[in-house]
Amino acid sequence: MTAVPTDADDDRWMDAALAQARECLSWGDVPVGAVVVADPGEVLAAAGNQRERLQDPTAHAEILALRAAAARRGAWRLEGCTLYVTLEPCAMCAGAAVLARVDRLVMGALDPKAGFAGSVGDLVRHPALNHAVEATSGVRGEEASELLRSFFGERRHG
């Protein structure tokens, strides 16, 4: 039987994802962080965006964290895991969560321009796919949004 996560658990792991997002600022990348947690609370992997650092268009926080979690587990299936991410995943990352068979997705800020876990589209719960991911949004959402607003505000004015 798997442990049912509480709001305090979600807050704790989102805090870890926010820490990853803040690290991205040191290399000039969009501050998005992700953490993969296996039930009952074991961190398998954590990452921040590294597109600028690696010059890799696929080096989103979610992709990096899912890859590391699968490597640590020794299996690509991440059943029994929750993906915490500070920003609603794009189509690529939402698709990766589905393909990895993640049980839950917990998001901070929504992304009305590119989010595919409910905003622009809903890939994680699409009825035609062979796996659906339970999704929760708004966990530390204002904090995640402020981090992004600050980053882009400095880019525009700095």
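Buried means under 20% relative accessible area, exposed means over 50%, and partly exposed lies in between (1.4 Å probe, protein chains only). The views below show a predicted model, in which local features need pLDDT of at least 70 and side-chain atom pairs count only at pLDDT 80 or more, while totals for chains, interfaces and linings use all residues. Residues are numbered from 1 along each chain as its sequence is written, and side-chain values use heavy atoms, leaving out hydrogens and water.

**View 1. Helix α1 and its buried face.** Helices (H or I, at least four residues) and strands (E, at least two) are DSSP runs, numbered from the N terminus. In α1, the buried residues are Asp 10, Trp 13, Met 14, Ala 17, Leu 18, Gln 20, Ala 21 and Cys 24. Seen down the helix axis, these buried residues fall within an arc of 160°, so they line one face of α1; the arc is taken from the directions from the axis to the C-beta atoms. On the other side of α1, look for Ala 8 and Arg 12, which are exposed. The buried residues of α1 are covered by elements including β1 (33–38), β2 (42–48) and α5 (141–157), where contact means heavy atoms within 4.5 Å.

**View 2. Strand β3 and its partners.** Seven of the seven residues of β3 are buried, so this strand is largely enclosed by the rest of the structure. Two strands pair if DSSP finds at least two bridges between them. β1 and β3 run antiparallel, joined by five bridges, and here Val 35 stands opposite Tyr 84 of β3. With β4, β3 pairs in the parallel sense, again over five bridges; Leu 87 has Ala 109 in β4 as its bridge partner.

**View 3. Inside the largest nonpolar core.** A nonpolar core is a set of buried Ala, Val, Leu, Ile, Met, Phe, Trp, Tyr and Cys residues joined through side-chain atoms within 4.5 Å. The largest one has 46 residues, and Val 36, Leu 66, Leu 83 and Leu 105 have the most contacts inside it. Its largest share, six residues, comes from α3. Leaving out residues up to four places away in sequence, Leu 66 touches Val 36, Leu 78, Leu 83, Ala 96, Ala 97, Ala 100 and Val 102.

**View 4. His 60 in its loop.** You can find His 60 in the loop between α2 (51–54) and α3 (61–73). His 60 is buried, with a relative accessible area of 15%. Beyond its neighbours within four places in sequence, His 60 is in contact with Asn 49, Arg 51, Cys 90, Met 92 and Cys 93.
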